[in-house]
Amino acid sequence: MPVFTHTHQQSDTADAPEASASPSRPTLRERLAHLRTWRDRHPTAARVLRWTINILAAVLILGAMLLPNAVGALKPNRFTRIPAEAIVGAVVMLWLPRRPRVVLAVVSGVGLGVLTMLNLLDMGFREYLGRGFNMVLDWGLLDDAQAYVEDSMGRTVALGASVGAVVLVLALLVLMALATVRLSNLLADNRSAASRGTLIAGTVWITCSAVGLQVSGMPVASDRAAGALAMQARRVKDTLRDEAAFAKVAKVDTFGNTPGDQLVPDLRGKDVIFTFIESYGRSALEDPDIAPGVDKTLDVSTKALTEAGFHAKSGWLTSATYGGSSWLGHSTTMSGLWVDNQQRYQTVMNSDHLSLTKAFQKTGDWDTVGVMPGVQKAWPEQKFYGLDKVYNAFQLGYQGPKFSWSTMPDQYALEAFQQQVHGKKRDKPLMSEIILTSSHQPWAPIPKMVGWDELGDGSVFDAIQKAGNKPSDIVADSTRSKEEYGKSVQYSVTALTQWLERYGSDDTVLVFLGDHQPIARVSGNNASRDVPISIVAKDPKVLDKISSWNWTEGLKPAHNAPVWKMSSFRDRFLTAYGSTPHPSTN
C-alpha cells in the first residue's frame, strides 16, 4: 500500500513540468495589445480605415441633421446643404474640456438618433395616414400596425419586423452616439485646423443665409434639425391644448337634451341601416386608373336597384382621417364632432354626446344592432353608439378563411346579418350599423361573389382565398395596389347593393359611405380626404326630405356635388328627418 501511494505521488510530480510547459491561450489584454499594434504593422491600411470611419461618422451625423420627414422630399438637394446645428455643435465641442465634451457628444448623438426615428415615423405616417407622427397620441398605433402586419402577412413576418425594428432603433442610437463622440475627439485632436474650418463654415452659412443662396431649389444654409425639433414641440403643445379645448366642445350638443319622441320622427317605422365601406374614397370614383371599374359597378348597381324599386341620392363628405384609423371616420360621422386623433376619440367615447345611432335607441322605437366583423376583442364603444347588441367577428358563425386583415368577406357578413338579425320577426323596426371590411388594405387576397344560397358557413371561400394574390406581392407595388384596391371596392359595393336588392323592403333605408381615402400609394400625394355617401330607399318621401341637399341622383356623386365636413352630417340628417334641437351645454 505505501509503495502504491509513493509511486502515484512520483507520477504526479513527474507530470507537473510537462503540464506547465504547454502553451497557454492569450488573455483578453494580450489580444487587445496585439490588435493595437496592428496600426504600427499596417500604417497605410490603418490610416485609410481611420479616415473611412471618420467620413462615415460625418455622413451619418450630417444625414441625420438634414433628413426630411416626407418620402417625397428624399432628394439629393436635401443633403447638399450646410447645417447650422453642425457649426454650433463644433464650436461647443472645441470649447469644452474632455469629460463634459464626451458626455455632451453622447447626449447629442442619442438626440440625433431620436430625431432620425421621429423623421422616419413622420415619413411612415404621412405615407399611410396623410399626417405626421404625434409623440403624445400615436404610440398606441404602433401596436395596431404590428397587429395589421400579423393579420396580413403572418405571425413570423410580424415578429421579424418587430425584432428588426427594435434592433434598428438600438443600433441607430448607439451608432449615432459613437459617431458624435468620434467626431468630437477628431475636433479636439486637431483643434487649430478645426477652429479655422468652423469659422469658415460659419461665415459661409451666414453669407448664404443673408443672400438666400440656393442649390437645385434648396437654400444652402440649413437649420433643418432645429426646425424639426421645434415642429415636434409645437405638436406636443398643440395636442395638450387641443385636449382641453375639445373636451369643452364635446359637452355642447345641439340635440343633447332633445326628448326621444322628438328625434327622427319622419323615419318612424323604417328599418334604417348605416353602413361604412372600408377605404371607399373619392379616388375610387375619379382616379383614371381606378375609376373605370368602380364607375361601371356603381352604374350597374344603380340600374339594378332602380329596377327593384329603389332610388338613391349621393354626395361627398370630407373625412376626419386618411389612409387608416377608420374608427375616427366612424365616430366623426356619428358624433357630429371633428374626431381626427386618438385623444379626441377617447374623449368622445367617454362622453354623453349623442351619437346618431344612439338617437334611434333614445326614441325607444327601434331595436339597435351593430355588425362589426373587424372587432375581435371587447368593444366598450358599444355604449356610446347606443347599440343594444353587437355581433363581432366571432359571433357571425363564419368558418371560412380570413382574407388578409379582413376576418370574413362582406357578402358573408351581410348574409349573416340577414339570417341572425334583419330577417327575424320583431316588434320594433331595426336600426343597424354595419362595418364592411373586405376593401381594407393590403387588398390581397380579395373575395369574390358567390351564390347567396351557397354561402353556408363560409367554407365556400377556401378555394377563392387560396387562389388569390399574396399580400407580399401587392403591398409594395403601387400599380397593382391600385388595381386590387379598385376590385375590392367593386366587390364591397356589389355585395351591399345585391343584399339590398335581395332583402330590402318598402321600409328599408340604407345610408352607406366610405370612412376615409386609401393610403397615398393608391390615392396619390395631396389627394383630397373626400368620401362618397349615398342614401337609398324605396319610399320617395325619404329622399324628398333631403331634396334641399342638392345631391346627385344615383349611387355616384357628381364631381361638383356638395362637399360637407363629415362632422356636419349628424345634425343635417337629424334635422332633415324632423328632429327638434334642444341643446345641452355641459
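I take buried to mean under 20% relative accessible area, exposed over 50% and partly exposed in between, with a 1.4 Å probe and protein chains only. I note that the model is predicted, that local features need pLDDT of at least 70 and side-chain atom pairs pLDDT 80 or more, and that totals for chains, interfaces and linings use all residues. Residues are numbered from 1 along each chain as its sequence is written, and side-chain values use heavy atoms, with hydrogens and water left out.

**Entry 1: helix 14**

Six of its eight residues are buried, so helix 14 is largely enclosed by the rest of the structure. I list the buried ones as Q343, R344, Y345, T347, V348 and M349. They pack against helix 10 (224–250), helix 13 (326–335) and helix 16 (382–385); contact means heavy atoms within 4.5 Å. At the start of helix 14, I found a side-chain oxygen of N341 within 3.1 Å of the backbone nitrogen of Q343.

**Entry 2: strand 9**

Strand 5 (residues 271–277) runs parallel to strand 9 and is joined to it by six bridges; two strands pair if DSSP finds at least two bridges between them. I recorded I434 as the bridge partner of T275. Strand 7 (residues 367–371) is also parallel to strand 9, with five bridges, and T368 stands opposite M431.

**Entry 3: helix 20**

I examined helix 12 (residues 291–307) and helix 20 (residues 478–503), whose axes come within 9 Å and cross at roughly 5 degrees. Axes are lines fitted to C-alpha atoms, for helices over the stretch in contact, and angles run from 0 to 180 degrees between N-to-C directions. Helix 12 is therefore roughly parallel to helix 20, a term for angles under 35 degrees. Among the contacting residues I note G293 and V294 of helix 12 and G486 and V489 of helix 20.

I then looked up S492, which lies in helix 20. S492 counts as buried because its relative accessibility is 0%. Its side chain joins that of D410 in a polar contact of 2.7 Å; such a contact is a pair of N or O atoms within 3.5 Å, and within protein one must be able to donate a hydrogen and the other to accept it, while residues adjacent in sequence count only if both atoms are side-chain atoms.

How values were computed: Helices (H or I, at least four residues) and strands (E, at least two) are DSSP runs, numbered from the N terminus. Angles under 35 degrees count as roughly parallel, over 145 as roughly antiparallel, 65 to 115 as roughly perpendicular and the rest as oblique.
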